[in-house]
Amino acid sequence: MKTSILFSTALLATSISFASCNTSTAKPKKAITAQIADENTKIQVALLLDTSNSMDGLIEQAKSRLWNIVNTLTTLKYNGKTPDIEIGLYEYGNDGLSSQNNYIRQVAPLTTDLDLISEKLFSLRTNGGSEYCGAVISDATRQLSWGRDSHNMKLIYIAGNEPFNQGGINYKEAISDALRNDIYVNTIFCGDQMEGIQTFWRDGADAGKGKYFNIDSNQAVHYIVTPYDVKISECNVRMNETYISYGARGYEKKMNQQTQDRNAQGVSTANYAERAVSKSKAVYKNESWDLVDKVKQDKEAVAKLKKEELPKELQNKSKEEIKAYVDKKSKEREVIQKEITELGKKRQEYIDTEMKKTKSQDDLGKAINTSLIAFAKIKGYTVEK
């Protein structure tokens with residue numbers, strides 16, 4: 001595909017002026033600077049998926065490629081550090097949604113809860129179809145909590161197969177609003193390349209300083225089975241045993257983790273292995289319900305918890321016993337994560353070698369991964385294998 005990446009290197013500048021140089025006017029400047037400095041660098045990706053009748057294949061590709069995309073994101077570093085990764089999800093073009101809302105629904109906000117994104121993807125169903133690209137881009141720009149740091153990567157990926165200019169909201173105006181917030185718009189047309197160009201999908205990407213792709217959404221994702229998949233999957237089972245649920249939704253979240261394992265496994269053994277690799281990374285964190293991750297964030301977490309917030313097997317333990325148990329599970333997890341990381345590297349090397357032997361059309365995952373890497377390099381990120 002010869003379409004070039006037209007990302008802008010200009011960053012959104014924020015100007016703060018003060019009426020005078022006395023002490024009272026100097027303080028707000030320091031407070032604002034500190035507030036921005038405290039924010040971790042983020043990679044924020046909003047997926048806007050057409051869920052009209054003809055898009056079953058697109059949804060299947062999204063389910064199949066989620067963990068592959070996450071694993072690509074984990075290779076990106078800024079100043080040697082792993083950024084926070086947040087993914088958001090919208091569906092549009094579904095006649096089961098409200099016409100007053102332009103047949104658009106925010107399925108998930110920008111979140112680090114990757115199991116939630118997986119859960120929501122697997123819940124999507126196609127129906128009908130009035131697809132308003134400008135409207136869903138506008139909603140994603142205005143409704144999501146985008147970061148403020150100029151080093152953040154903020155990307156929208158919109159995928160569908162109807163003309164890009166439908167609906168009452170002009171797509172160029174919506175994209176212009178996104179760019180003013182340093183959000184870049186990439187378009188993925190599900191169909192013939194020239195048809196996508198003729199129906200303004202490439203124009204949308206050009207306006208959004210992103211990249212235009214076309215994919216065959218009805219093509220099944222091609223997986224490469226590796227000698228490392230089974231071992232990685234076995235490690236995943238052991239790793240799950242290191243999670244300690246707590247809080248009102250702890251047990252429910254832990255069960256959902258296992259449900260998303262089964263969802264990934266139901267797609268393919270390769271997809272299950274990719275999810276396990278994602279779970280071994282720092283970006284897969286569950287401090288809202290897992291005590292091991294919570295203690296990494298807050299060393300005093302155990303002391304703050306009430307008895308009823310703990311799983312039954314720990315409710316009659318002393319605080320010292322609970323801390324020792326959490327520490328034990330934390331060390332077990334670290335060992336397993338390192339094992340998966342090493343196996344994951346060998347797995348990727350095997351895949352890279354096999355991929356050189358075959359050439360296939362871009363699917364959703366390949367389209368997103370290609371542009372993620374390209375945009376990251378422009379933003380000053382490094383790519384680590």
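This is a predicted model: local features need pLDDT of at least 70, side-chain atom pairs count only at pLDDT 80 or more; totals for chains, interfaces and linings use all residues.

Q: How many residues of strand 6 are buried?
A: Strands here are DSSP runs of E with at least two residues, helices are runs of H or I with at least four, and both are numbered from the N terminus. Buried means under 20% relative accessible area, exposed over 50%, and partly exposed in between, using a 1.4 Å probe and protein chains only. Y184, N186, I188 and C190 point one way, V185, T187 and F189 the other, and all are buried. For strand 6 (residues 184–190), that's seven of seven.

Q: Which residue of strand 6 is the bridge partner of I158?
A: Two strands pair if DSSP finds at least two bridges between them. Strand 5 (residues 153–160) and strand 6 run parallel, joined by six bridges. The partner of I158 in strand 6 is T187.

Q: Which residue of strand 7 is the bridge partner of I188?
A: Strand 6 also runs parallel to strand 7 (residues 212–215), with four bridges joining them. Over in strand 7, I188 has as its partner F213.

Q: How many degrees lie between the planes of Y103 and Y132?
A: Rings of Phe, Tyr and Trp (its six-membered ring) pair if their centres lie within 6.5 Å; planes under 30 degrees apart are stacked, over 60 edge-to-face, the rest tilted. The structure holds eight such aromatic pairs. Y103 and Y132 make a tilted one, 6.2 Å centre to centre, with a plane angle of 55°.

Q: Why does the pair of F164 and Y171 count as edge-to-face?
A: F164 is buried at 0% relative accessibility, and Y171 is buried too, at 8%. The F164 and Y171 centres are 5.1 Å apart and the pair is edge-to-face because the planes sit at 75°.

Q: Which charged residue sits over the ring of Y243?
A: The test is NZ of Lys or CZ of Arg within 6 Å of the ring centre and within 35 degrees of the ring normal. At 3.7 Å from the centre of the Y243 ring, you'll find the charged end of R333.

Methods. Residues are numbered from 1 along each chain as its sequence is written. Side-chain values use heavy atoms; hydrogens and water are left out.
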